[in-house]
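Open the model in your viewer and keep the sequence panel at hand. We will go from stop to stop, selecting a few residues each time and looking at what is there.

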Amino acid sequence: MKILFSMKLLVMTLLIICSSNASAVTIKNLTTGITLGSDDFEATTKVDNNAYNQTASDADPDNSTVGTWTISEDYSGVIQVTDYSVPGAYAGDNYLRIHKNSSAPFATLSVDEQTTIGDTIHFETIINHSAGASSLVTLTGKDNSGSSVWVTSILFAASKSIYYVSGGNIDTGLDFITDTWQKMEIDWVVGADTFSLTFDGATVSGLPVRSTDAVSFTGVFLRSEVAGKDVYFDGISAPAPKLSLVVVTSH
Ligand SMILES: [Ca+2]
Ligand SMILES: [Ca+2]
């Protein structure tokens, strides 16, 4: 009886740990269940401890759990993994800071190319804009000839409105708050002409893709759009499971 009771407790505890990991994914193929890209920036080799400085020594993300980062920056300090206290990490100690300088720096998380038409791709991140900042978050794929195309682009405008980019910038009706960590999610079925955006729990579906030519999925790139402003990303994988209190009453 006591063994059975202990087993029950163990199973309940495992269930709680599993459920707290359920949102752990940045990029996942929901059809196959395979995680394609994941990073919480806690395992990166170097961390920038300071506010933005373009000549700081390089501290690019280089140790994602899954997927591969490519950083495009003209000065080493422009895109950095940092633990600087402003705004501070959403989870853990570290987060990604993308500063916009006179060039157009961006960070790309590339994944194993997904070529099965009809598979559902899910992307999620926690995002935070400094006041006046704007950003572009784009899922990428390839067309039939193997050329890269931009599948879905979400523009966070300095007006705090969220647009999708498809033959122009079109208001989703969703807004964001500056200096605040908020969750964004994109769901796209490989080959589909529409996608859905979920921001802070509110979902808008049926948004036209930027390019209808994509027949595969290859990753996501993140860009800051307003010179002198920072955009931050974190929580790309879930923090370590929180300790859960399990109360069991015996009769
Ligand atoms: Ca850098
Ligand atoms: Ca983190």
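This is a predicted model: local features need pLDDT of at least 70, side-chain atom pairs count only at pLDDT 80 or more; totals for chains, interfaces and linings use all residues.

Now zoom out and colour by secondary structure. The chain holds 1 helix and 16 strands. Of its 251 residues, 38% are buried. If you draw the contacts between residues at least 6 apart in sequence, 68% of them join residues at least 24 apart.

Which order do its strands follow? The order is 3-6-15-8-9-10-11, in an open sheet of 7 strands with antiparallel pairing. Look at the edges, where strand 3 and strand 11 (169–175) stand; each has a single partner strand, so one side of each has no neighbour in the sheet. Going from one strand to the next, the twist averages 25 degrees. As a reminder while you show hydrogen bonds, strands of a sheet pair through backbone hydrogen bonds, either parallel or antiparallel.

Stay in this sheet and pick strand 9 and strand 10. These two run antiparallel and are joined by 3 bridges. Select Phe156 and you will see Ile162 of strand 10 opposite. Then move to Lys160, in the loop between strand 9 (148–156) and strand 10 (161–165). Lys160 has a positive phi, near 75 degrees, in a residue other than glycine. How many C-beta neighbours does Lys160 have inside 10 Å? There are 16, so Lys160 counts as partly exposed.

The next stop is strand 13 (residues 194–199).

Strand 12 (residues 182–189) pairs with strand 13 in the antiparallel sense over 5 bridges, and Trp188 has Phe195 as its bridge partner. The hairpin of these two strands has 4 residues between the strands, and Gly191 there takes a positive phi near 95 degrees. Strand 14 (residues 202–208) also pairs with strand 13 in the antiparallel sense, over 5 bridges; here the bridge partner of Leu197 is Val204. In the hairpin of strand 13 and strand 14, 2 residues lie between the strands, and Asp200 has a positive phi near 55 degrees.

Go back to strand 12 and select Glu185. Which residues does Glu185 touch, not counting those up to four places away in sequence? They are His122, Phe123, Glu124 and Thr198. Draw a C-alpha to C-alpha distance from Glu185 to His122: the two are 7.1 Å apart in space and 63 residues apart in sequence. Glu185 counts as partly exposed because it has 16 C-beta neighbours inside 10 Å.

For the last stop, select Val86 and Pro87. A cis peptide bond joins them, with omega about 5 degrees. Pro87 is in the loop between strand 4 (79–82) and strand 5 (95–99).

How values were computed. Residues are numbered from 1 along each chain as its sequence is written. Chains are lettered from A and ligands numbered from 1 in the order in which they are written. A residue is buried if 20 or more other C-beta atoms lie within 10 Å of its own, exposed if 12 or fewer, and partly exposed in between; C-beta atoms are placed from the backbone. Two residues are in contact if their C-beta atoms, placed from the backbone, lie within 7 Å. Two strands pair if DSSP finds at least two bridges between them. Axes are lines fitted to C-alpha atoms, for helices over the stretch in contact, and angles run from 0 to 180 degrees between N-to-C directions.
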